[in-house]
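Have the model open while you read.

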Amino acid sequence: MTSTKTTPSPARRRLDSFFQISERGSTISREVRGGLVTFMTMAYIVILNPLILGGTDDVAGNALEVAQLAAVTGLTAGVMTILFGMVANLPFGLAAGLGINSFLAVSVVGQVTWPEAMGLVVINGLIIVLLSATKLREMIFKAVPAQLKTAITVGIGFFIAFIGLVDAGFVRASGSASPPVQLGDDGSVATLPTLVFVIGLLFMGVLMARKVKGALLIGILGTTVIAIIVEAIFKVGPSFTKDGPNPAGWNLNVPTLPESIVSLPDLSLVGAFSFGAFERIGALAALMLVFTLVFTNFFDAVGTLTGLTKEAGLQDDKGNFPRLKSALLIEGVGAVAGGATSSSSNTIYIDSAAGVGEGARTGLANVVTGVLFLLAMFFTPLTQVVPLEVAGAALVVVGVLMVSQIRFIDWTEFSIGLPVFLTVTIMPLTYSIANGIGAGFIAWVVVRSLSGKAREISPLLWIVALGFLIYFARGPLEALIG
């Protein structure tokens, strides 16, 4: 019996050649499957990002609408993921970064308006693009010690987890000087929304532990169903009513079924950014916010790229990977696009490791993921169903993933341990990523140099530490110079 071998069509051959699919030991079907899995693991951001950014009043008392945020989150993630796949030919999805969106909602919009905050994100992206187009990004990356880079990731993880615990009502302000926070309401989990948070956290934890694909997405959807049932039975209501605060109510969204599931995306936030922050808070304060955004964006992306390309087997002996410069450039463009659409800086997602584990090795997987993100724009009414207690559970899980990097820190040398400890703890305790980074940099420069290791410290790190000293003293300095 003669066997026949199917000859690939010209279109398949062109697709294979463009994305180097066979060259990287993959197949079109494997790339499609990997792209689908990556979307499943990342799709929660379409729900979670609006919950983080929406509902928070800026300095002028204005807030971003959740439905509009969901639409631009899907739009930007879809476009940037496809662009990254086409140009960088890597199977890594891009979407709104959780560290930066939390920083914007918690720390930035208390000083500026939302359009001004997004203008700072655009500037941050332009700087990253400029750094990526030159060798400056590589120089800055090498100047910061690996231990501090890891500490920043760990600190952001603790910060995100703390935000989730507070948003869910699991940790609340005590109303007294000591202790400043407490467990739940008067030291106990006494509300149904907080109980739903606990159930959701354990549910997502089990799914993650069992390595279920799309664990966070499944966890958010499943826990939301539970929340809808609880609200339908007990009529809990919102945390703020016309009669005043309701401590037992749902935070932000009351979980009820929407009147419609599909709707045309509202893209009103596209282009709704401003560069007025420099006038509102002064050049020094605005520049320090931009610096924090650049630094967070910069190291998160480089670290994620390094880990994912290694896992995908795409690195060479020196740790480099295909189209490195293109990847860094597009990641910077993602930050610009995120600010321009008010969806927050878009960066590479470590969740893409799920698609890599499924076999994705090329940018074709990204095209699949990106198209699915664009389709998600038409289901934005569903985002208003998810209460913040459910989103808080997902934040805690993401925080755990980031904090797990602490195993790479060397605690045996105190000149390393102290700066790392300050970086990690000050972020959540002061609700500020910038404060944690600044304290860690300053402590590293001072303690390491006075311990006889001054020659090991890059001049660039001294400059950055000096900038943070000015940042921390900006109140007295501004009063001094009027």
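Q: How do you know that helix α2 has a span close to the expected one?
A: Helix α2 (residues 28–42) has 15 residues and reaches 21 Å from its first C-alpha to its last. Helices here are DSSP runs of H or I with at least four residues, strands are E runs of at least two, and both are numbered from the N terminus.

A quick word on the source: this is a predicted model, where local features need pLDDT of at least 70, side-chain atom pairs count only at pLDDT 80 or more, and totals for chains, interfaces and linings use all residues. Residues are numbered from 1 along each chain as its sequence is written, and side-chain values use heavy atoms, leaving out hydrogens and water.

Q: What makes the pair glutamate 413 and arginine 448 a salt bridge?
A: A salt bridge needs a side-chain nitrogen of Lys or Arg within 4 Å of a carboxyl oxygen of Asp or Glu. This pair has N to O at 2.9 Å, so it qualifies. Glutamate 413 lies in the loop between α16 (388–403) and α17 (414–430) and arginine 448 in helix α18 (residues 433–453), so the bridge ties together parts 35 residues apart in sequence.

Q: Why is arginine 448 called buried?
A: Buried means under 20% relative accessible area, exposed over 50%, and partly exposed in between (1.4 Å probe, protein chains only). Arginine 448 has 8%, so it's buried.

Q: Why does glutamate 413 count as partly exposed?
A: Its relative accessibility is 26%, so glutamate 413 falls in the in-between range.

Q: How do you know that glutamate 413 forms a salt bridge with lysine 453?
A: The closest N and O atoms are 3.3 Å apart, so the pair meets the cut-off. Glutamate 413 is in the loop between α16 and α17 and lysine 453 in helix α18, 40 residues apart.

Q: What makes glutamate 456 exposed?
A: Its relative accessible area is 57%, so glutamate 456 passes the exposed limit. Its side chain meets that of arginine 448 in a salt bridge (3.0 Å, N to O). Shared partners join Glu413, Arg448, Lys453 and Glu456 into one network.

Conventions: Expected span 1.5 Å × (residues − 1).
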